[in-house]
Structures are given as C-alpha cells and as structure tokens.
Amino acid sequence: MLALSYAYMKLGRHELAYQYATKCVQASTSKSTHWLMGMAIATNYLLAKGELQDADTLIGNIFKASCSYGLEMLIVNYFNCIFKPLAKYASRHGIESEYIEKIESMLEEKQTRRVSSNMLKITMFGDVLVSVDGKEIIWKTKKSKDLFLHYLLHRNTGIDRGVIINILWKDYLYDSAINNLKTTNNIIRRTLSAYNIGFSLNYANSKYGLTLKSVDNDFYAYCALRDKFHLESSLPAMVKLMNQMLKLYRGDFATDMTPFKEFNDERKSLKQDLIVMLLKLVRGLSAQEDFIEAKRFLSALIIIDKQNDYQKAVAELDAKIKI
C-alpha cells in the first residue's frame with residue numbers, strides 16, 4: 001500500500017496517493033517506517049488542500065516520532081519527495097526547531113558526501129573513455145578532451161606550456177595560441193566542475209599540471225603494477241602481478257589518440273615493456289618446469305605481439321607438457 005501511495009504521488013495522482021497512504025497508516029505498526037511515510041504523504045495531501053486540522057500538533061508528532069525511533073535518515077533520504085513541505089511548515093511555525101536544524105545539517109552533509117564521492121573512471125587501454133557514474137563525459141570541444149588526456153599522460157611531471165602549444169596550436173600566432181590554451185583550460189575546469197569532480201589545474205615554472213582527487217584510471221593502475229613487477233624477484237608474485245596487468249591491458253594504449261606523437265610513443269613503450277616482462281615470465285616458469293602456466297602466458301604474448309613468430313616456443317612447450 002505504501003508503494004502504491006508513493007507511486008501515485010510521483011505520478012501526481014495525489015488523491016489516490018492519500019487513499020493508499022491512509023490505508024498504509026491503518027495497517028502499519030505504530031511509529032514504524034511504513035507508518036511514518038504513510039503519515040507524511042497523507043499529511044502533505046491535507047496540508048496542500050488546506051484541510052489539515054491541528055496541523056502544528058500533527059506535523060510536530062511526525063518529526064518527534066522520527067527522532068524518538070531513530071528514523072532521521074529516512075527523513076533525509078526521502079526529504080525532497082515527501083518530507084520537504086512538512087519541514088518548511090515546521091520551520092515557519094517554530095515546530096521542533098532544533099530537530100529541523102539537525103535534519104537540514106544532515107542534508108548538507110549528505111550533499112557534500114555525494115559531491116566529493118563522484119568517481120571519475122578513465123579507461124585508456126583500447127579507445128579512451130572518460131566517464132562518471134557510467135556516463136561518458138561530454139566535452140565542449142575536441143581540443144579540451146585532447147588537452148585533458150595529455151595532462152593525464154604527464155601527471156607526474158606536468159607539461160610545458162610551449163609543448164602544449166606545439167601539440168595543439170602550432171600553426172597559430174603565439175598570442176592567439178596562448179588565448180586558446182587559456183580558453184581550453186577554462187573549458188576543462190568548467191567540465192570537471194559540472195560533473196562534481198575534485199581537481200586542481202595549476203601553472204608553475206612554465207608548466208601546467210592537473211591533479212584529480214578521485215579517479216579510477218586503468219593506465220595509472222597498470223603503471224603501478226608494472227613498477228612492482230620490475231622490482232619483484234619472486235616468481236609467484238610476478239605471476240600474480242602479471243595476471244592483474246593483463247586484466248587491465250585490454251588492448252593497446254589509447255588506440256584512438258594516434259594523431260599525437262606522445263601517445264604513440266607511450267603506446268609503443270608500454271607494449272615493448274609488456275612483451276619483455278611476458279618473455280621473462282615464460283622463461284622463468286619453464287625453468288621451474290611449470291610448463292602449463294608458461295604456455296598460458298605465452299598465449300597472451302602471442303595475442304599482444306603479433307609481429308613475431310612464437311610457434312617454435314609453442315611447440316617446445318607442448319612437447320614438454322605431453323611428456
């Protein structure tokens with residue numbers, strides 16, 4: 001009955017919402033969540049129609065009950081759609097003032113958490129995808145996206161202003177290029193702010209640097225694993241790290257960023273490094289006579305490195321596996 005009442009209320013069919021809310025209140029345990037929400041929906045209806053008798057007492061009791069029975073978060077979670085009109089009435093008439101202030105404070109805290117918790121997800125293996133909550137970010141201009149991705153590529157060092165101009169505006173007069181750079185940086189700032197993404201974009205020592213406060217970037221994660229792999233001497237640990245790396249390496253790096261030399265160089269470097277690591281792992285596992293595991297990583301190597309022929313190595317491992 002509460003579900004029907006809530007659905008009719010959202011559809012704007014307030015009389016039916018009131019009827020089912022009343023039935024819900026009558027059937028519910030007193031001071032339960034169903035009772036509280038049913039009471040609020042019914043009270044909203046009567047308040048809007050001007051037919052609510054002793055409104056101060058009734059609205060006061062609703063908020064007192066939610067406080068006494070620990071239902072504050074119910075008020076917060078359904079505030080805008082159910083409890084907001086009652087809270088406004090309570091504020092105007094000085095009803096449960098301290099409790100209403102507490103609810104407002106909780107609402108502000110929830111909003112702050114929501115804004116600060118927006119996770120930027122960036123996929124850079126294969127075609128690049130930048131998204132928030134599963135929705136791709138829409139950039140005002142292509143250059144704003146391109147510059148944003150260059151900032152990601154140079155996250156530890158920043159990019160010299162002259163290098164940026166040479167990449168994106170090399171055919172422009174210097175003053176015009178500078179103005180375009182400033183405009184594009186402002187587009188990046190506005191875009192990230194619009195999606196509630198925490199960031200800082202700073203200029204120091206002729207370099208621009210972008211820092212993101214909450215980001216899930218497969219490129220960053222891969223590089224961290226790669227660095228650990230190069231420092232590791234334990235073969236089981238190397239196997240574990242490589243398994244994690246191969247999950248991230250779903251395709252060559254930034255395959256849709258081929259117009260840019262920096263990305264092409266990084267793509268080539270990442271691929272060559274991965275090939276060397278896989279070869280090292282295959283040889284190490286073969287030396288320990290773990291031929292099945294060596295064959296598994298050799299198969300991954302064949303998929304990644306299509307320019308070389310590994311059929312002889314496959315035949316040798318297959319022969320050892322049969323033995």
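Me: Which residues touch the most other members of the largest nonpolar core?

Reply: In this predicted model, F148, Y151 and L212 touch the most other members of that core, which has 68 residues. A nonpolar core here is a set of buried Ala, Val, Leu, Ile, Met, Phe, Trp, Tyr and Cys residues joined through side-chain atoms within 4.5 Å. Helix α13 (residues 261-287) gives the largest share of this core, nine residues, where helices are DSSP runs of H or I with at least four residues, strands are runs of E with at least two, and both are numbered from the N terminus.

Because the model is predicted, local features need pLDDT of at least 70 and side-chain atom pairs count only at pLDDT 80 or more, while totals for chains, interfaces and linings use all residues. Residues are numbered from 1 along each chain as its sequence is written, and side-chain values use heavy atoms, with hydrogens and water left out.

Me: Why is E72 called buried?

Reply: E72 has a relative accessible area of 13%. Buried means under 20%, exposed over 50% and partly exposed in between, with a 1.4 Å probe and protein chains only, so E72 is called buried. E72 is found in helix α5 (residues 72-77).

Me: What makes the pair of E72 and K102 a polar contact?

Reply: The side chains of E72 and K102 make this contact at 3.3 Å. A polar contact is a pair of N or O atoms within 3.5 Å, where within protein one must be able to donate a hydrogen and the other to accept it, and residues adjacent in sequence count only if both atoms are side-chain atoms; the value of 3.3 Å is therefore within the cut-off.

Me: How do you know that β1 and β2 pair?

Reply: Strand β1 (residues 120-123) and strand β2 (residues 129-132) are joined in the antiparallel sense over four bridges. Two strands pair if DSSP finds at least two bridges between them, so β1 and β2 meet the definition. One of the bridges links K121 to its partner S131 in β2.
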